[in-house]
Amino acid sequence: MTAGPELTDSQRRAGLGISILCIAVAALAIGLTFPLLALLLEGKGYSGTAIGINSAMGPLAILLSSAFVPRWIARFGAKRFIVMCVLANGVTMILFKILDWYAVWLVLRLLSGVAVAGLFVASESWINQVARSEQRAQVMAIYNISLSAGFALGPVLLGFVGVQGWAPFIIGAAIMFVAAIPMIFVPVVAPRFDGTPSFNVLTYVKVAPTLVGAILLYAMIENSTSSMISVFGRRSGLADQDALIMLSAVVVGGMTFAWPVGWLADRYDKIRLMMILGVIGVVGALAVPFTVQNLWLCYSILFVWGGAAASLYTIAMALQGERFSGADLVTANAAFGVLYGVGSLIGPAMTGVAMDLDDPNGYSWVMTGVCLIFVIFTVFRQRAKRRGSAG
């Protein structure tokens with residue numbers, strides 16, 4: 001059975017609910033794991049470079065493994081493959097505690113990253129295939145809100161549990177195992193992604209260049225901001241607590257704007273809406289250095305800016321579901337994974353170099369620049385498409 005038009009409404013709702021619930025719970029464990037490992041390494045006296053290399057193993061694994069996910073889904077089926085990825089992450093959590101050596105942790109971060117890549121590609125393909133076209137952007141918005149909530153609550157949970165001993169590892173693993181329970185025991189109809197893809201991960205760049213730009217921009221903003229905006233705030237003279245709230249403003253903005261923008265995207269031209277969000281990105285990033293000493297104005301700008309950046313991903317995923325189905329959809333989502341890995345690696349690196357050249361405002365100049373490049377590229381791309389249609 002190919003999930004999509006052949007599903008009943010109840011099957012469609014059940015499939016969406018279970019897949020979103022599974023990845024949201026898994027995101028809670030992932031959100032706990034990232035700061036846990038970083039804090040443990042810092043407590044052992046490892047350098048910032050060593051901690052950064054360890055953290056980079058996740059995006060690197062996503063970059064290297066996403067292209068293989070379509071064939072794994074074809075072999076095992078979407079439902080079984082998602083369960084395998086979730087359980088693998090749970091086992092990895094336990095292994096982090098048992099095999100407590102830096103070099104081994106690098107390998108485990110790679111293996112965990114492969115499972116995370118598989119989980120995201122399979123879940124996003126499932127959700128996009130099952131969602132109705134007239135509600136796809138809103139469904140993807142709910143997915144992104146659930147995902148962001150899981151990531152945001154992970155560090156909060158870690159704050160209550162603490163980083164020492166077995167407790168955080170056991171709790172993280174238990175959460176992962178719990179995430180698999182609905183997928184295992186609730187009788188949902190898993191989508192099948194039939195057919196042979198008409199492109200591969202590499203040629204996707206030619207097939208959907210605007211979507212390529214959108215996911216690269218989103219990955220660069222998300223990862224540069226999560227790693228550098230608090231540093232920017234501290235170097236701008238803010239207290240650590242105020243600098244950390246800058247990141248919270250971006251995250252909360254992303255969660256708040258997701259559904260309203262998804263609602264708009266289901267009713268208006270999605271490409272034009274992405275260009276508007278890109279312009280908001282330019283203006284917002286450019287304004288941050290000039291408002292950083294006026295905290296509430298700065299937080300308000302970051303709130304809107306974060307909402308615009310996160311909404312780019314919502315719209316890009318909805319466009320993905322409109323354009324592709326079956327094996328093409330899985331391949332396109334795998335390409336998204338590769339591109340996200342690329343953006344995750346080069347975004348923070350570019351921002352770090354820029355902040356060394358112009359401390360601390362290099363962060364804002366990079367964010368302004370990448371948003372502006374996306375807007376210009378999308379405008380020229382759409383004009384070229386119209387000329388081609390006219391010809």
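K44 is partly exposed, at 43% relative accessibility (between the limits for buried, under 20% relative accessible area, and exposed, over 50%, with a 1.4 Å probe and protein chains only). The model is predicted: local features need pLDDT of at least 70 and side-chain atom pairs pLDDT 80 or more, whereas totals for chains, interfaces and linings use all residues. Residues are numbered from 1 along each chain as its sequence is written, and side-chain values use heavy atoms, without hydrogens and water.

**Salt bridges**
- The structure holds four salt bridges (a side-chain nitrogen of Lys or Arg within 4 Å of a carboxyl oxygen of Asp or Glu).
- One of them joins K44 and D100, at 2.4 Å from N to O.
- K44 lies in the loop between helix 1 and helix 2 and D100 in the loop between helix 4 and helix 5, so the pair ties together parts 56 residues apart in sequence.
- D100 is also partly exposed, at 34% relative accessibility.
- R234 and D240 form another, with their closest N and O atoms 2.9 Å apart; R234 counts as exposed at 52%.

**Nonpolar cores**
- The largest nonpolar core has 100 residues (buried Ala, Val, Leu, Ile, Met, Phe, Trp, Tyr and Cys joined through side-chain atoms within 4.5 Å).
- Helix 12 (residues 295–323) supplies the largest share of this core, 14 residues (helices are DSSP runs of H or I, at least four residues, numbered from the N terminus).
- Apart from this core lies another, of 17 residues, including W105 and F169.

Definitions and conventions: Helices (H or I, at least four residues) and strands (E, at least two) are DSSP runs, numbered from the N terminus.
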